[in-house]
Amino acid sequence: MSTLFTKIINGEIPSHKVAEDEKFYAFLDINPNAKGHTLCIPKKEEDKIFDLDEETYMGLMRFSRMVAKALEKSIKCKRVGVAVVGLEVPHVHVHLIPLNDMKEMTFQYKESMTAAEFEELAATIQSNL
């Protein structure tokens with residue numbers, strides 16, 4: 001059975017795409033810790049990050065770095081935090097979270113955004129890739 005993220009990659013579930021290549025996909029988190037909270041995922045389904053083959057793992061890190069650099073250009077923040085938790089969805093995902101305060105990394109504080117704000121932000125980040 002396809003994961004929620006595979007359904008997003010396949011367009012079965014809408015997302016605010018930030019970046020995509022043949023192996024990876026990045027999109028804005030719909031329940032963000034901070035404005036710009038982005039998930040980077042491999043298109044290949046794998047539950048745990050350290051079960052990825054080395055090439056895919058390193059590729060995901062390169063892809064995530066590229067997206068993080070675009071986030072830094074797009075969102076006013078002190079830095080972009082990174083987290084890999086993996087308990088919510090059984091598909092590897094890297095959280096990139098623009099940070100101004102430690103509370104934004106707790107996954108308890110959430111930011112509210114309208115659909116238009118999501119669309120505008122995704123376009124801004126894409127323009128900075």
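Some ground rules. Residues are numbered from 1 along each chain as its sequence is written, and side-chain values use heavy atoms, with hydrogens and water left out. Because the model is predicted, local features need pLDDT of at least 70 and side-chain atom pairs count only at pLDDT 80 or more, while totals for chains, interfaces and linings use all residues.

I will start with the sheet. Five strands form an open sheet in the order 1-2-3-5-4, with antiparallel pairing. A strand here is a DSSP run of E with at least two residues, a helix is a run of H or I with at least four, and both are numbered from the N terminus. Two strands pair if DSSP finds at least two bridges between them. Strand 1 (17-20) and strand 4 (79-83) are at the edges; each has a single partner strand, so one side of each has no neighbour in the sheet. From one strand to the next, the twist averages 20°.

Helix 2, residues 54-74, packs on this sheet and touches strand 1, strand 2, strand 3 (38-42), strand 4 and strand 5. Contact means heavy atoms within 4.5 Å. The direction of helix 2 makes about 155° with that of strand 3. For such angles, axes are lines fitted to C-alpha atoms, for helices over the stretch in contact, and the angle between N-to-C directions runs from 0 to 180 degrees.

Next, strand 3. Is it enclosed or open to the outside? Strand 3 is largely enclosed by the rest of the structure, because 5 of its 5 residues are buried. Buried means under 20% relative accessible area, exposed means over 50%, and partly exposed is in between, with a 1.4 Å probe and protein chains only. On one side of strand 3 are Thr38, Cys40 and Pro42, on the other Leu39 and Ile41, and all are buried.

Strand 3 pairs with strand 2 over 5 bridges and with strand 5 over 3 bridges. Leucine 39 stands opposite phenylalanine 27, and its bridge partner in strand 5 is histidine 95. Histidine 95 is also the bridge partner of alanine 83. Strand 4 and strand 5 (residues 94-99) are joined by 5 bridges.

Valine 82 is in strand 4. With 54% relative accessibility, valine 82 counts as exposed. Not counting residues up to four places away in sequence, valine 82 touches Val94, His95, Leu96 and Met105. Valine 82 and leucine 39 are 43 residues apart in sequence and 9.8 Å apart in space, C-alpha to C-alpha.

Threonine 6 lies in helix 1 and counts as buried, at 11% relative accessibility. Leaving aside neighbours within four places in sequence, threonine 6 is in contact with Glu45 and His91.

Last, the largest pocket, with a volume of about 320 Å³. Of its 17 lining residues, the closest to the centre are Leu4, Phe5, Asp29, Ile30 and Leu39. A pocket is an open set of points on a 1 Å grid over the protein atoms alone, where a 1.4 Å probe fits, with protein on both sides within 12 Å along at least five of seven lines; lining residues have an atom within 4 Å of a point. Helix 1 (4-9) and strand 2 (24-28) each supply at least two lining residues. Helix 1 gives the most, with 3 residues.

Methods. Points joined across faces, edges and corners; volume = space filled by probe spheres on them.
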